[in-house]
Amino acid sequence: MKFNLKPKKGEAAQAEFKNLMMEEAELASVLEIQKWSVPEGYLEIEYYPLRPPFSYAAVIQNEETLEYLYVLDELPLSKEERDGYFRLRNILEFELQAPEGEETLAESFRRQMPVILSKHRKVLEGISPIGVRKILYYLERDIVGYGKIDPLMYDEYVEDIGCSGVNKPVYLWHRKYENIKTNVIFRDEQELEDFVMRMVHKSGKHVSIAFPIVDVTLPEKHRLAVSFGRETTPYGTAFTIRKFRKDPFTIIDLIENETINESIAAYLWLLMENKMSVMIIGATGAGKTTALNAVACLIKPSYKIISVEEVAEINLPHENWTSTIARSGFGAESEGEITLYDLIKSAVRHRPDLVIVGEVRGEEAYVLFQALATGHGGLCTLHAEDVDTAVKRLTQPPMSIPTSIISLMNCVINVKHVRTPVFLESGRKLSSRKFVNVTEIKEYDSYQEVFSWNPSTDTFNENLSESYLLKKMASSLDIPVERLLEELEYRKKVLAHMVEQGIRDYRSVNKVLSKYYNNPELFQKEFLENSGW
């Protein structure tokens with residue numbers, strides 16, 4: 001039988017629960033004595049909080065091999081606390097109710113816990129307030145969160161979390177240390193399979209030996225790819241979580257990270273305003289989706305946008321944006337399947353100014369090009385090494401774009417994760433993502449490179465004087481190309497000012513663009529006063 005408290009009792013339980021809990025500062029000072037110590041043979045490189053004061057990340061380096069190791073440092077439970085944890089967890093299996101309305105799992109858990117603790121006082125009898133806090137941390141981690149990898153989800157430096165099987169260490173893609181091994185290991189096959197099944201069920205999907213390969217979007221919009229059991233992976237269940245950034249990288253971040261410079265950003269801003277189509281190409285992990293989000297932030301705030309994806313990765317501040325996601329079918333006949341092809345066909349009927357496709361790889365590319373032919377702008381990504389390869393992929397099955405309309409894709413951006421080779425002792429170690437080429441498509445076999453990255457100097461070369469698209473835009477606007485080049489210089493200064501002022505999150509960038517378009521004269525006056533030129 002479910003237990004329901006009247007509002008008054010619920011409020012009393014919340015108050016009692018608050019009194020039981022220590023203040024964060026006091027708790028942190030008490031727990032400071034339990035801070036970890038560096039293992040022998042290692043040097044501590046970094047130590048930073050994940051969910052303080054309960055979990056921290058330490059990056060250490062082996063003194064002999066110089067290999068980096070990512071250590072997840074969590075406060076351990078004592079034997080009494082562990083027993084209390086299991087007692088309370090058994091009760092929660094019966095008492096914990098589903099979230100109400102728009103509540104998240106975490107919000108629902110925190111709302112119900114005071115009431116449940118008030119009802120079952122004896123469960124944690126004899127355990128200190130600190131112990132109670134630790135138990136609640138582990139319960140929330142395991143029931144609401146991601147279990148033993150949950151603290152890793154709070155690390156802003158971590159992009160991917162992957163496990164290759166039982167008794168294999170979890171690896172991370174860390175922005176500072178790239179692929180780095182952790183001390184987190186799934187020792188038990190059942191534990192790993194249960195974890196993966198719980199994650200897949202969170203997204204409303206199913207995984208089993210019969211259907212071992214799953215690619216889903218989790219409720220927090222993280223992307224989960226799974227190979228279940230030993231049907232396709234000899235070492236047992238494997239998974240990769242690609243973390244979704246609630247605060248996506250913007251064009252300002254790309255400038256600050258030197259992925260691009262102000263000239264490239266200003267040029268792309270002009271393309272987006274004039275509904276030019278842009279394709280972002282690169283290898284897996286090159287940063288295509290990050291680049292797509294950043295370039296999409298430059299779209300005029302009033303434009304109507306429809307995005308089409310297999311899993312949700314696009315995140316825009318635009319109010320007039322509709323996100324659509326493909327759906328797999330049901331049963332052997334895949335009844336009810338909604339493909340990217342279907343979504344793009346539907347999107348065109350909604351009269352969007354711009355259609356964004358997360359990734360093109362099949363017949364949906366043909367529909368996208370038909371949309372471009374009717375005057376819609378387009379933005380998409382494609383797996384390809386360079387422009388030649390991209391065009392060949394587009395013109396061959398299954399995409400089969402006629403060579404006569406390949407120029408409807410106006411511009412191709414090649415993104416790469418570049419590294420300085422180990423054998424080059426230049427003293428300058430480089431590992432970052434770059435827009436190595438920005439190329440305009442004139443015809444099927446005729447391209448014009450307007451920007452390129454020089455690896456020897458780590459600078460960008462530009463050739464805007466030969467830009468085919470600037471001439472095309474100038475012709476359609478009935479203005480000289482020189483006027484467009486002046487506008488580019490002005491926008492470069494606006495972008496540089498935003499970098500200096502730290503105007504970088506996607507909503508702030510969108511706000512600046514709104515001011516720019518809604519009242520350009522006032523914007524220019526305010527900008528001139530603030531920037532001092």
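About 30 Å³ of space lies in the largest cavity of this predicted model, and the structure holds 1 cavity of 30 Å³ or more. The lining of the largest cavity is formed by Val 391, Leu 394, Ile 406, Met 409, Val 412 and Ile 441. When these lining residues are divided by class, 6 are nonpolar, with no polar and no charged residues among them. Two of the lining residues, Val 391 and Leu 394, fall within the span of helix H12 (387-395), while Val 412, also in the lining, falls within strand E15 (411-419).

The loop between helix H12 and strand E15 is also the place of Pro 398. The peptide bond that joins Pro 397 to Pro 398 is cis, and its omega is near 10°. Asn 167 is located in the loop that lies between strand E4 (158-163) and strand E5 (169-174).

Helix H3 (residues 79-95) packs against helix H4 (residues 105-119) at an angle of about 110°, and the axes of the two helices are 11 Å apart. Because angles of 65 to 115 degrees count as roughly perpendicular, H3 and H4 are described as roughly perpendicular to each other. The crossing in which H3 passes H4 is right-handed. From H3, the residues Leu 88, Ile 91, Leu 92 and Glu 95 take part in the contact, and they meet Phe 109, Gln 112, Met 113, Ile 116, Leu 117 and Lys 119 of H4. By class, the contact of H3 with H4 comprises 7 nonpolar residues, 1 polar residue and 2 charged residues.

In the second pair, helix H8 (residues 262-273) and helix H13 (residues 468-477) pack at an angle of about 45°, with 11 Å between their axes. H8 and H13 are therefore oblique to each other, and their crossing is left-handed. The contact involves Tyr 267, Leu 270 and Leu 271 on the side of H8, together with Leu 469, Leu 470 and Met 473 on the side of H13. The class composition of the contact of H8 with H13 is 6 nonpolar residues, with no polar and no charged residues.

H10 passes H11 in a crossing that is left-handed. Leu 340, Tyr 341, Ile 344, Lys 345 and Val 348 of H10 make the contact with Glu 364, Val 367, Leu 368 and Ala 371 of H11. The contact of H10 with H11 has 7 nonpolar residues and 2 charged residues, and no polar residues; Lys 345 of H10 and Glu 364 of H11 are both among the residues that make the contact.

Terms used
Residues numbered from 1 in each chain as written. Predicted model: local features only at pLDDT ≥ 70, side-chain atom pairs only at ≥ 80, totals over all residues. Heavy atoms only, no water. Axes fitted to C-alpha atoms, helices over the stretch in contact; angles between N-to-C directions. Helix = DSSP H or I, 4+ residues; strand = E, 2+ residues; numbered from the N terminus. Parallel < 35°, antiparallel > 145°, perpendicular 65-115°, else oblique. Left-handed = near helix turned anticlockwise from the far one by under 90°. Contact = heavy atoms within 4.5 Å. Nonpolar A, V, L, I, M, F, W, Y, C, P; charged D, E, K, R; others polar. 1 Å grid on protein atoms, 1.4 Å probe; cavity = no way out; pocket = protein on both sides within 12 Å on 5 of 7 lines; lining within 4 Å. Points joined across faces, edges and corners; volume = space filled by probe spheres on them.
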